Amino acid sequence: MNLAELYKEMGKHSWRILDAIFRNLWDYEYVPIQIISSQARIGEEKARNILRYLSDLRIVQNRQKDYEGSTFTFLGLSLYSLHRLVRSGKVNAIGKLMGEGKESAVFNCYSEKYGECVVKFHKVGHTSFKKVKEKRDYGDLHFSVLAIRSARNEFKALQKLQGLAVPKAYAWEGNAVLMELIDAKELYRVRVENPEDVLEMILEEVAKFYRRGIVHGDLSQYNVLVSEEGIWIIDFPQSVEVGEEGWREILERDVKNIITYFNRAYRIEKDINSAIDRILQE
Ligand SMILES: Nc1ncnc2c1ncn2[C@@H]1O[C@H](COP(=O)(O)OP(=O)(O)O)[C@@H](O)[C@H]1O
Ligand SMILES: [Mg+2]
C-alpha cells in the first residue's frame, strides 16, 4: 500500500465523502448513500460515481444489499485518519511502510512539530473483558469502530506512561496513533550481551507501569525494542487499567511471557512468582 501516492489522488470531494462516512460509522456499518450525499453536500449521482472510484482504489466498500451504503476498508480508514493528522498540522509527510502485520501497519513520517515520527494504523479491535460485555449490549461493532477504539486505547495508555520507557505519544485520529520513532530493534532479533540486566530493566518498567495503573497485556520479545541506549516497550492497544476485570491475570501472563523468553533464549533462571510479588509490592 502506497499511502503517499493514494493521498495525492484524492480531491476535495473525495475527502468530504470520507468525512461523511466517518461521522456516521458509529451508527451504521454501511452508511446510506443519502446520508453521505447530504452531509458531503454532493448530489447523489455524483456521490455514487465518486464512491465507485473510491471502491476501485480499495478505499471504500460499497454494498447494495438491503440498501445502498458504503464503509471504509482498512486502507480507506487509514488514509482518512492520515488526512486528519495532516489537516490538524501534525503530520507533514508520510514515508515508507516500516512494517505490516496482522494487527497494524506502521509508517515512517515527518512532522514539523515533532520531527521524525511513526504513524501506527490499527487493523483490528482489541476488546478487554469490560468492552466485550459492552459489545454484546451494543449489537454489531464493526471493524472500523473496533480499530478506532484500539488506537484510542493505545494512545491513552501511552499518554499515561509518558516519561517511562515508551514512545512519546503525539496524537490520535481515527485508527492512527502518531508517536515518537524509536531507533532500536525488537528484542527477538538481537542477541543482547547483558540479558540479566535487560530482563531487570523490563521488569522494572512493568512495575512502573503498574504504579501508574496500566498493565501492558501483550508483553513479549516482539514488543520490546532494544539498542545501546536502552529498552522501550511498545504496542499497547490491549492494555488494561489496574482494577479492570482480569487485570491481575493479565499482569501475571505478561511477566511469565517475558521470563520464559529469557529462560529459553539465554538460560536465565528467574522465579516468576517472586517477580510478580515484587511488582505488586512496589
Ligand atoms: N514507535 C516506534 N518506533 C519504531 N518502530 C516502531 C514503533 N512502533 C512500532 N514499531 C515497529 O512496528 C512493529 C509493529 O508495531 P506494534 O506496535 O508492535 O504493532 P503490532 O500490534 O502490529 O505488533 C514493531 O514490531 C516495530 O518494529
Ligand atoms: Mg507488536
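Mentor: Let us start with burial: a residue is buried under 20% relative accessible area, exposed over 50%, and partly exposed in between, with a 1.4 Å probe and protein chains only. This is a predicted model, in which local features need pLDDT of at least 70 and side-chain atom pairs count only at pLDDT 80 or more, while totals for chains, interfaces and linings use all residues. Residues are numbered from 1 along each chain as its sequence is written, chains are lettered from A and ligands numbered from 1 in the order in which they are written, and side-chain values use heavy atoms, with hydrogens and water left out.

Trainee: What percentage of the residues in the protein chain is buried?

Mentor: Of the 282 residues, 52% are buried.

Trainee: And how many helices and strands are there?

Mentor: The protein chain has 10 helices and 13 strands. These are DSSP runs numbered from the N terminus, with helices being H or I of at least four residues and strands E of at least two. The chain is as compact as a globular protein of its length, because its radius of gyration of 21 Å is close to the 19 Å that the globule rule gives for 282 residues. That radius is taken over C-alpha atoms, and the rule is 2.2 Å times the number of residues to the power 0.38.

Trainee: What are the spans along the principal axes?

Mentor: The C-alpha trace spans about 70 × 40 × 30 Å.

Trainee: Which domains does the assignment give?

Mentor: It gives domain 1 (3-72), domain 2 (89-180) and domain 3 (185-281). The bounds come from an automatic or database domain assignment. Taken over C-alpha atoms, the centres of domain 1 and domain 3 are separated by 43 Å.

Trainee: Changing topic, where is Leu203, and is it buried or exposed?

Mentor: Leu203 lies in helix 8 (residues 195-211), and it is buried, with a relative accessible area of 4%.

Trainee: What does Leu203 touch?

Mentor: Not counting residues up to four places away in sequence, Leu203 touches Val255, Ile258, Ile259, Lys270, Ala275 and Ile279. Contact here means heavy atoms within 4.5 Å. The C-alpha atoms of Leu203 and Ile279 are separated by 7.7 Å, with the two residues 76 apart along the chain. For the protein chain, residues 24 or more positions apart account for 62% of the contacts with a separation of 6 or more.

Trainee: Which helix holds Gln281, and is that residue buried or exposed?

Mentor: Gln281 is in helix 10 and is exposed, at 66% relative accessible area. Its C-alpha atom is 9.9 Å from that of Arg211, a residue 70 positions apart from Gln281 along the chain.

Trainee: What about Ala105: buried or exposed?

Mentor: Ala105 is buried, at 0% relative accessibility, and is found in strand 5 (residues 104-111). The C-alpha atoms of Ala105 and His122, 17 residues apart along the chain, are separated by 6.9 Å.

Trainee: What is the phi of Arg41, and where is that residue?

Mentor: Arg41 has a positive phi of about 55 degrees although it is not a glycine. Most residues other than glycine have a negative phi. Arg41 is in the loop between helix 3 (33-40) and helix 4 (44-56), and counts as exposed at 62% relative accessibility.

Trainee: And what is the phi of Arg267?

Mentor: Arg267 has a positive phi near 60 degrees. Arg267 is placed in the loop between helix 9 (247-266) and helix 10 (272-281), and is exposed, with a relative accessible area of 61%.
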